[in-house]
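I'll go through the overall fold and then pick out one residue.

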Amino acid sequence: MTLINVFTVEPARQKQLVDLLDTATEAVMRRQPGFISASIHKSADQTRVVNYAQWRSQADFEAMRRNPAAAEHMQAAAGLARFDPIICEVASSHSV
C-alpha cells in the first residue's frame, strides 16, 4: 500500500517539517515491520510537503500508527501543518 500525505505548511516552517519527517522516518518508521520506503518532497513555493511512503500491507501501516513513538512524531507534524493523507494501492509503476 502507498501513503501519499500532503502537508500544507507556512513557508517559514517547511524546513522544520521536512526535518521532522526525515527524523521520524529514520528513527521510527523504517524500523517498523512492513516498511518499504519513504520519500519526502518539498514544494518550490515552500507551502507544501509531500510524504510518499510504501508499506507491505494496510495491516502493517495500521500497526505503525498504533506505535506510541510513531504517534509522537505524527502529533508533532500535526502541530506544524495541516495534512491530507491518501491511502492507495499501486495500480502500475513505470521507470526507465
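I'll start with the whole chain and then zoom in.

First thing to keep in mind: this is a predicted model. What we have is a protein with three helices and four strands, and if you walk along from the N terminus, the order is β-α-β-β-α-α-β. The radius of gyration comes out at 13 Å, close to the 12 Å that the globule rule gives for 96 residues, so the protein is as compact as a globular protein of that length.

Now, contacts. Taking those with a separation of 6 or more, 69% are between residues 24 or more positions apart. As for burial, 32% of the 96 residues are buried.

Okay, zooming in on Ala-24. You'll find Ala-24 in helix H1, which covers residues 14-27. So is Ala-24 buried or exposed? Its relative accessible area is 5%, and the cut-off for buried is under 20%, so Ala-24 counts as buried. And what does Ala-24 touch, once you set aside its neighbours within four places in sequence? That would be Met-29 and His-73. For a sense of distance, Ser-39 is 15 residues from Ala-24 in sequence, and their C-alphas are 12 Å apart in space.

That's me, happy to go back to the slide.

Notes: Residues numbered from 1 in each chain as written. Predicted model: local features only at pLDDT ≥ 70, side-chain atom pairs only at ≥ 80, totals over all residues. Heavy atoms only, no water. Helix = DSSP H or I, 4+ residues; strand = E, 2+ residues; numbered from the N terminus. Rg over C-alpha atoms; globule rule 2.2 N^0.38 Å. Buried < 20%, exposed > 50% of the residue type's maximum accessible area, 1.4 Å probe, protein only. Contact = heavy atoms within 4.5 Å.
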